[in-house]
Amino acid sequence: MEIRFFKKTEKSLLMQSIHSIWANNHILSRDENLLNHMFYETPGHKLITDREHFSFLGAWNDNKVIGLLGVMPFPFNFNGRKSLGCCLTNWIVSPEARATGAGLALIDKVHSFKPDMILSLGVSNEGSKVYKLMRWDVQPDVPRWIGLINKNRTVSALLGGESHPLRYYDVIKPLKYEGTYTVEHNDNLNETEWDAFYSSNYSKKSVGINRNAKFFKWRYENHPSFDYKFVICKCESNIKGLIVYRIEKLKSGDKIGRIVECITSDQDSAICLANALTDNQDLLFYDFYCFSNSTTWGLEAIGFKKVYKSEQDLYTIPSRFQPVDLENTDMLAAIFFSDKIKNKWNSVVLDSLYITKADSDQDRPN
């Protein structure tokens with residue numbers, strides 16, 4: 001058995017393998033631009049392979065592809081210190097080949113690069129059992145916040161007229177702001193200004209993918225499918241935080257705001273940025289997935305609520321809209337941290353763990 005990265009010249013083979021092994025007509029089997037974006041153009045590509053290969057692993061047996069594992073490498077930030085981190089996608093082995101050990105061999109190949117963090121978002125219930133056996137940290141549901149703009153329309157369009165799940169939700173409203181910060185709405189980010197803020201401020205108090213300007217340019221400005229918007233908070237010429245979001249349009253014509261970044265430095269930046277979201281009154285609601293509670297302080301101040309799931313509430317606002325799926329609202333996550341990181345980090349203090357839906361491949365077309 002051979003475990004290696006797909007060559008650039010094997011693009012057709014990779015896309016066909018995704019179609020036949022992972023899922024028929026999967027987006028990565030039919031969208032070359034997205035495939036290139038995720039597995040060739042990442043800022044950390046050179047950390048694990050070269051320009052002749054995708055960062056997409058395959059398992060070959062008798063010259064036949066029997067397994068797949070997409071790997072997106074990034075610089076990993078641990079309170080300002082940098083090392084290697086990897087996000088996984090599309091880990092699968094053909095049913096008839098699962099006794100070959102190809103699945104673990106693919107994971108072992110990723111471990112051979114010595115990453116300090118490996119992240120897998122959107123794990124299936126069956127897949128979570130494997131991660132638990134490998135002693136990864138499995139989170140049953142990534143925290144999600146909802147900010148309602150139009151409550152009545154959300155109930156009728158997405159909950160079949162059943163308002164009970166939203167009985168304690170009110171629409172978001174701007175909070176009186178008494179500071180001197182300003183906000184700008186842009187389609188891009190000033191790289192010098194952002195890197196100055198990130199390196200001196202947020203990187204030193206957070207754990208996760210290194211979110212420097214190069215990452216933002218790749219992940220949002222250059223995305224081949226989605227149009228992301230930047231809301232930037234400043235004090236004179238100094239950045240104090242940002243929110244990144246995109247608008248998703250449903251077949252019904254309704255629109256939803258999908259927040260993918262919310263980084264703030266203090267109370268004023270948190271309120272200033274959150275207030276700016278209330279200008280989009282033609283949306284049903286915003287949502288935001290993130291492990292860090294502190295980053296949502298401003299969102300909660302204007303009325304966002306963390307989703308509370310219980311047996312008494314059969315449904316929550318769905319998270320998949322193409323088509324609308326009322327049943328599947330959980331986003332399982334599996335995370336590996338190296339012993340070096342575990343020995344330096346008090347895992348009880350999880351608030352510094354900044355992982356959002358934009359990490360891995362959970363914010364992409366279907």
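Is Cys 272 buried or exposed? With 9% relative accessibility, Cys 272 is buried, where buried means under 20% relative accessible area, exposed means over 50%, and partly exposed is in between (1.4 Å probe, protein chains only).

Before going further, a word on what you're looking at. This is a predicted model, in which local features need pLDDT of at least 70 and side-chain atom pairs count only at pLDDT 80 or more, while totals for chains, interfaces and linings use all residues. Residues are numbered from 1 along each chain as its sequence is written, and side-chain values use heavy atoms, with hydrogens and water left out.

Let's stay with the cysteines. A disulfide is a covalent bond between the sulfur atoms of two cysteines. Here, a disulfide is counted when a pair of cysteine sulfur atoms lies within 2.5 Å. Searching the whole structure turns up zero disulfides. Take Cys 86: its nearest cysteine sulfur belongs to Cys 87 and sits 7.8 Å away. Cys 86 is buried too, at 0% relative accessible area. As for Cys 272, the closest cysteine sulfur is in Cys 233, at 4.4 Å, which is too far for a bond.

Now for the charged residues. Side chains of opposite charge can pair when their charged atoms come close. A salt bridge here is a side-chain nitrogen of Lys or Arg within 4 Å of a carboxyl oxygen of Asp or Glu, and the count comes to 23 salt bridges. One of them joins Arg 4 to Glu 2, with the closest N and O atoms 3.3 Å apart. Arg 4 is buried at 19% relative accessibility, whereas Glu 2 is partly exposed at 40%.

Another salt bridge pairs Glu 96 with Lys 64, at 4.0 Å between the closest N and O atoms. Glu 96 lies in the loop between strand 4 (81-93) and helix 3 (102-111), and Lys 64 is in strand 3 (residues 64-78), so this pair ties together parts 32 residues apart in sequence. Those helices (H or I, at least four residues) and strands (E, at least two) are DSSP runs, numbered from the N terminus. Glu 96 is exposed at 59%, and Lys 64 is partly exposed at 48%.

Arg 364 and Asp 361 also meet in a salt bridge, 3.4 Å from N to O, and both are buried. There's a network of salt bridges as well, linking Arg 144, Arg 246, Glu 248, Arg 258, Asp 287 and Asp 363.

Finally, look at Thr 154 in helix 5 (residues 151-158). Thr 154 is buried, with a relative accessible area of 0%. Leaving aside residues up to four places away in sequence, Thr 154 is in contact (heavy atoms within 4.5 Å) with Leu 148, Leu 159, Leu 166, Leu 284, Phe 285 and Ile 317.
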